[in-house]
Amino acid sequence: MRRLALVTLVVDDYDEAIRFYTEALGFRLAEDAPRPDGSRWVVVEPGPAPAGTGLLLARAKDEGQRARVGDQTGGRVGFFLHTDDFARDHARLTAAGVSFLEAPRHEPYGTVAVFRDLYGNRWDLLQPAA
C-alpha cells in the first residue's frame, strides 16, 4: 500500500507553529526530535492516531525559504482539513482565534470555509457531502 505520509510546511519558528497547530487547530504533536544540524524534526497530525497525512514543520533556513513562509502556494488554498462536523470545528477554530476569510458556504461537494493559518497560508475547512 502506498500513501502520502508527510507534506512539508515551511515555518518561521518551531514552537510558535507547534502551538498554533496543536492548540488552535487541535492537531496532535506526533514527533519533535532534535537533528544533528541544530534543526528539529517536527510532525503534527490532524487525528488522534497516525491515520493520514502529517505536516512536517520545517523552519526556514535562508532568505529564499523565509520568502515562502505563508505563501507556499502562491495565494491559493493549499491545504484541506476534512471534518465530520463542520459546525463544531468551525466554532472551535473561531473561538481559538483562527481567521476565516469567508462565511461557511454550501457547495455540491460539501460545506466549506477558507481560513488562514498563523503565517497566512490558505486552508479549506471542509465537511464533504454525504
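What percentage of the 130 residues in the chain do buried residues make up? Buried residues account for 35% of them, where buried means under 20% relative accessible area, exposed over 50% and partly exposed in between, with a 1.4 Å probe and protein chains only. The model is predicted, so local features need pLDDT of at least 70, side-chain atom pairs count only at pLDDT 80 or more, and totals for chains, interfaces and linings use all residues. Residues are numbered from 1 along each chain as its sequence is written, and side-chain values use heavy atoms, with hydrogens and water left out.

**Overall fold**

- The chain has 3 helices and 9 strands; helices (H or I, at least four residues) and strands (E, at least two) are DSSP runs, numbered from the N terminus.
- From the N terminus on, the order of these elements is β-α-β-β-β-α-β-α-β-β-β-β.
- The chain is as compact as a globular protein of its length, because its radius of gyration of 15 Å is close to the 14 Å that the globule rule gives for 130 residues. This radius is taken over C-alpha atoms, and the rule is 2.2 Å times the number of residues to the power 0.38.
- Along the principal axes, the C-alpha atoms fill a box of roughly 45 × 35 × 30 Å.
- Of the contacts in the chain with a separation of 6 or more, 52% are accounted for by residues 24 or more positions apart; contact means heavy atoms within 4.5 Å.

**Helix 1**

- Helix 1 comprises residues 14-24, and its buried residues are Tyr-14, Ala-17, Ile-18, Phe-20, Tyr-21 and Ala-24.
- At the start of helix 1, a side-chain oxygen of Asp-13 comes to within 3.2 Å of the backbone nitrogen of Asp-15.
- Gly-26, which follows helix 1, has a positive phi, near 80 degrees.

**Asp-89 in helix 3**

- Asp-89 is located in helix 3 (residues 86-95) and counts as buried because its relative accessibility is 16%.
- The side chains of Asp-89 and Thr-83 are joined by a polar contact of 2.3 Å. A polar contact is a pair of N or O atoms within 3.5 Å; within protein, one must be able to donate a hydrogen and the other to accept it, and residues adjacent in sequence count only if both atoms are side-chain atoms.
- Apart from its neighbours within four places in sequence, Asp-89 is in contact with Thr-83 and Leu-125.

**Thr-73 in a loop**

- Thr-73 occupies the loop between helix 2 (63-68) and strand 5 (77-82), and counts as partly exposed because its relative accessibility is 33%.
- Thr-73 and Asn-121 are 48 residues apart along the chain, with their C-alpha atoms separated by 7.7 Å.
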